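The following exercises concern the spaces in a protein model and the surroundings of its ligand. Each task is followed by a solution in steps.

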Amino acid sequence: MADIRLEGVGHSYDGGRTWALKPMTWTWQSSRAYALLGPSGCGKTTLLNIISGLITPTVGRIFFDDRDVTDVPTAGRNIAQVFQFPVLYEEMSVYDNLAFPLRNRKYPAKDVDERVRQVARLLGLEDVLRRRSRRLDPGRQQIVSLGRGLVRSQVAAVLLDEPLTVVDPALKWTLRSKLKEIHRDTGHTLIYVTHDQTEALTFADEVVVVNDGAIVQAGEPAELFLSPAHEFVGHFIGSPGMNMLPAEIADGVVRVGESDVGLAEGDLPPGPVRIGVRPEFVLINGDRRSPGVAARVTGIDRMGAYDLVHTLVGEHTVTAKTEAGSPYTPESTEFLHFPADRTFLFRDQVRCGSLAPLNGRGTT
Ligand SMILES: Nc1ncnc2c1ncn2[C@@H]1O[C@H](COP(=O)(O)OP(=O)(O)OP(=O)(O)O)[C@@H](O)[C@H]1O
Ligand SMILES: [Mg+2]
């Protein structure tokens, strides 16, 4: 196992006209479980293929610890990769498919058997070991592919590219927790690609959020949720995503329309900003003496476990997540508060500061 370091690594498929992956410097630490999270087309697969050697990056160098592997072909990198769809020898038994990566590297037969049975047990494949892979349904075949990726204990990293797409949703949860178990057991460096935030947040020690060919933030799930550093992270993580509301800084005070909502923390120059606050933290009708803004309720989604109260502040939508059975009705005017420790300020999409309590300053 090794740290995998990308130094100025970027990739263009069209001779430098556009960058599928913008040049980046980044280290994947040994033994950690990462989720690589981002929307379709943001460069996730390109990044994995660069690490495994299927793609040589247009610029930059790749190191496994201190060894420069940029020009080392896939076979020499000792990486296990699992793709979105099953990659199996269809005429071979499940057992032989699982054993293949080990036999290929001349593991002793006893070790092969032990390891194959261990992985089969973890993934629930014991009953089908003798069956031909072709005869399994696609979901099961994908689980075998997953097993092939996990069967070798000594690899530099295991790369999983949306591995559970073809698997039945109910099974997904089980498999994901199995994956975590296997990760705890083997201490592989795991990079798990997904565009599903739930999948990313429930699986990883660290979630790396990619947008438009660049890493916008990396951190533990709670950090991304509580303290997004980029508007994209605010939108992409959370359900629904973070509210963004245009505001103005003047004389150190943050104003939304005519209302002062707090002080700008972070020594910011005057001018426009966007306030970001998650629906979970928007308070409706808290202490009326504390600063806030008037909002017109436009609709309420009763979700069972909670309500989503949709409002308009001026012409901008702000959604609050409240307890189920909230008393608000459409067209009523309510008062929204943005708690200082949970409200951030953004400029050009990047977090530039946060809100601080007014402490008697301001006009509201
Ligand atoms: N072989 C290729 N030739 C040309 N362009 C490509 C090639 N592969 C990917 N691209 C482009 O590079 C960008 C990144 O693609 P990539 O497949 O890495 O994204 P992704 O995040 O894996 O997306 P998805 O979630 O849909 O799998 C996209 O704009 C894509 O169209
Ligand atoms: Mg992809």
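Helices are DSSP runs of H or I with at least four residues, and they are numbered from the N terminus. The model treated here is predicted.

**Exercise 1.** Determine which helix supplies the largest share of the lining of the largest cavity.

*Solution.* 
Step 1. The count of cavities of 30 Å³ or more comes to 1, and the largest cavity holds about 40 Å³ of space.
Step 2. The residues that line the largest cavity are R115, Q118, V119, L122, I182, D185 and T186.
Step 3. Two helices, α3 (109-123) and α5 (169-186), each contribute at least two residues to this lining.
Step 4. The largest share, 4 residues, belongs to α3.
Step 5. By class, the lining of the largest cavity comprises 3 nonpolar, 2 polar and 2 charged residues.

**Exercise 2.** Describe the largest pocket by its volume, by the elements that line it and by the classes of its residues.

*Solution.* 
Step 1. The space in the largest pocket amounts to about 490 Å³.
Step 2. Its lining has 20 residues, of which I79, A80, Q81, R148 and R152 are the closest to the centre of the pocket.
Step 3. Two or more lining residues come from each of β6 (79-82), α2 (94-104) and α4 (138-150).
Step 4. The element that gives the most is β6, with 4 residues.
Step 5. The lining of the largest pocket divides into 11 nonpolar, 6 polar and 3 charged residues.

**Exercise 3.** Identify the residues that surround ligand 1, and state how much of the ligand the protein buries.

*Solution.* 
Step 1. With a cut-off of 4 Å between heavy atoms, the shell consists of Y13, A20, P39, S40, G41, C42, G43, K44, T45, T46 and E162.
Step 2. This shell around ligand 1 is made up of 4 nonpolar, 5 polar and 2 charged residues.
Step 3. A polar contact requires N or O atoms within 3.5 Å. A backbone N or O atom of C42 lies 3.2 Å from an oxygen atom of ligand 1, and one of G43 lies 3.0 Å from a ligand oxygen atom. For T45, a polar side-chain atom lies 2.8 Å from an oxygen atom of ligand 1.
Step 4. Ligand 1 taken alone exposes 630 Å², and the protein buries 54% of that area.

Methods. Residues are numbered from 1 along each chain as its sequence is written. Chains are lettered from A and ligands numbered from 1 in the order in which they are written. This is a predicted model: local features need pLDDT of at least 70, side-chain atom pairs count only at pLDDT 80 or more; totals for chains, interfaces and linings use all residues. Side-chain values use heavy atoms; hydrogens and water are left out. A polar contact is a pair of N or O atoms within 3.5 Å; within protein, one must be able to donate a hydrogen and the other to accept it, and residues adjacent in sequence count only if both atoms are side-chain atoms. Accessible areas come from the Shrake-Rupley method with a 1.4 Å probe; for residues, only the protein chains shown count as cover. Ala, Val, Leu, Ile, Met, Phe, Trp, Tyr, Cys and Pro count as nonpolar, Asp, Glu, Lys and Arg as charged, and the others, Gly among them, as polar. On a 1 Å grid over the protein atoms alone, a cavity is a set of points where a 1.4 Å probe fits but cannot get out, and a pocket is an open set with protein on both sides within 12 Å along at least five of seven lines; lining residues have an atom within 4 Å of a point. Grid points are joined across faces, edges and corners, and a volume is the space filled by probe spheres set on the points.
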